[in-house]
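Hi,

Here is the model I promised to pass on.

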Amino acid sequence: MDKGSLASALGSPSVFGQSQFAFTRGNAFEARVKADGGAELLRLVHEKLDRGAEPPAAAHVPDLSATGPEGRAARTSLALREATGTPGAPDRPGTPGTWTLLDHPMLALDVAGSPAFLEPDAVVVHPDGSWTVVEIKSFPMLDGAADPAKVGAAARQAAVYVLALERVAARLDPAPRVRHRVLLVCPKDFSNLPTASAVDVRKQRAVTGRQLARLTRIEDIADTLPEGVCFSPELPAEELTAAVESVPATYAPECLSACELAFHCRGRSREAGAVTSLGRPVRAELGGLSTVEGVLAAAHGEAGDPDDPAVAALRRAARLRAEALATAGVGTRGSGSGIGGDDGLDGSGAGGSGSGVAGCR
């Protein structure tokens, strides 16, 4: 389903995404990197990944246009076969020892029993027939280093492309080598000049492969839904909300950067008083206390097992805060327990000294 349209129909539209300025800047930078038949891009691949090969004086850039994602994926597979010189393939445009650049190829990867179509920025076929994924990003490399968090995200993205390429390679005989060092191309310092770094994605590839293998198949997920449930944005608001609520969801702040339905789920989580709205680490520290109401009751001594470490820590936090406020000559709000009044939870926190349970509103 289109979760963005679904979120809008529920009255909680998603607002995250790349700005138009960043999108335009990224496209302009990518066009510069791939100008002149990808000469600069291939130079960087040769410099960072394959110095032993002949310098790329010229390269073949096949036409990958086709109808629909399935057609483009088939055309990409054929182009890779031709560029690698696999026996039985049609006549390849070059001979072994040449470079080939695939600009925005289309790859297919099975995800929980459903095909997902992926579009890397580029794939390069080396003179020895091996394949390399190229990721072009608009964040800068300053003094040869980029933001580690952004590089990590790019590595995880490239690892998915490597997995999809391995599926294509496995259908060829002999199977070409898919390189596990990808090329990350970024602007140099504060200019628009491209620079690059080789990134080893073997760890990310292994993690992604294990995650894909453990995914529940879509058919099995569908079987757990109530009979006749539908998520069409055209449904009346009440019916659509009921359909979405029939699917269990556990909101956490991290969802805001990854899911279009995060604002809807956050509202529901706050209405229910779920402590997961404070984050998974806080939820883990609170043990069996799953609601803000239950946490406050435990801190006030109105509920909870005193032998429970989380309950004991909450009550200790309440006493410490009350003592601190009394020493400072400040009256406590609410019942005087020192746990928050209107603000919720504050103090030294649950789960031991200084871990903190804060910000519940």
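Before the notes, a word on naming: helices here are DSSP runs (H or I) of at least four residues and strands are E runs of at least two, both numbered from the N terminus. Please also keep in mind that this is a predicted model.

I'll begin with the helix that crosses the sheet. Glu30 is part of helix α2, which spans residues 20-33 and lies across β6 (131-136), β7 (181-187) and β8. Relative to β7, α2 runs at about 115 degrees. Is Glu30 buried or exposed? With a relative accessibility of 13%, Glu30 counts as buried, because the cut-off for buried is under 20%. Leaving aside residues up to four places away in sequence, Glu30 touches His104, Asp121 and Ile136.

Now the sheet itself. It is open and made of six strands, in the order β1-β2-β5-β6-β7-β8, with mixed pairing. At the edges sit β1 (59-60) and β8 (194-200), each of which pairs on one side only. Strand β1 runs parallel to β2 (residues 99-103), and two bridges join them. If you want a spot to look at there, His60 stands opposite Thr100 in β2.

Next, the charged pairs. How many salt bridges are there? The count comes to 16. These are the ones I'd click on:

- Arg179 and Asp50 meet through their side chains, at 3.5 Å from N to O. Arg179 is in the loop between α5 (148-170) and β7, while Asp50 is in the loop between α3 (35-49) and β1, so this pair ties together parts that are 129 residues apart in sequence. Both ends are buried: Arg179 has 11% relative accessibility, and Asp50 has a relative accessible area of 12%.
- Asp200 and Arg202 also form a salt bridge, at 2.7 Å from N to O. Asp200 is partly exposed at 33% relative accessibility, whereas Arg202 is exposed at 51%.
- Glu245 pairs with Arg268, with 3.4 Å between the closest N and O atoms. This one links distant parts of the chain, 23 residues apart: Glu245 belongs to helix α8 (residues 237-245) and Arg268 to helix α9 (residues 262-272). Glu245 is partly exposed, with a relative accessible area of 42%, and Arg268 is partly exposed as well, at 33%.

Asp308 caps the N-terminal end of α12, with a side-chain oxygen 3.0 Å from the backbone nitrogen of Ala310. Just after α12 comes Gly329, which takes a positive phi of about 80 degrees. Which parts of the model do the buried residues of α12 pack against? Their partners are α10 (280-285) and α11 (292-299). Among the buried residues of α12 are Val311, Leu314, Arg315 and Leu325, along with several alanines, including Ala310 and Ala322.

Asp36, in helix α3, has a positive phi of about 55 degrees although it is not a glycine. Asp143 has a phi near 55 degrees, again a positive value in a residue other than glycine, and Asp143 lies in the loop between β6 and α5. Why do these two count as exposed? Exposed means over 50% relative accessible area, and Asp36 comes in at 72% while Asp143 reaches 78%.

Cheers

Definitions and conventions. Residues numbered from 1 in each chain as written. Predicted model: local features only at pLDDT ≥ 70, side-chain atom pairs only at ≥ 80, totals over all residues. Heavy atoms only, no water. Pairing = 2+ DSSP bridges. Contact = heavy atoms within 4.5 Å. Axes fitted to C-alpha atoms, helices over the stretch in contact; angles between N-to-C directions. Buried < 20%, exposed > 50% of the residue type's maximum accessible area, 1.4 Å probe, protein only. Salt bridge = Lys/Arg side-chain N within 4 Å of Asp/Glu carboxyl O. Polar contact = N/O pair within 3.5 Å; in protein donor to acceptor, adjacent residues only side chain to side chain.
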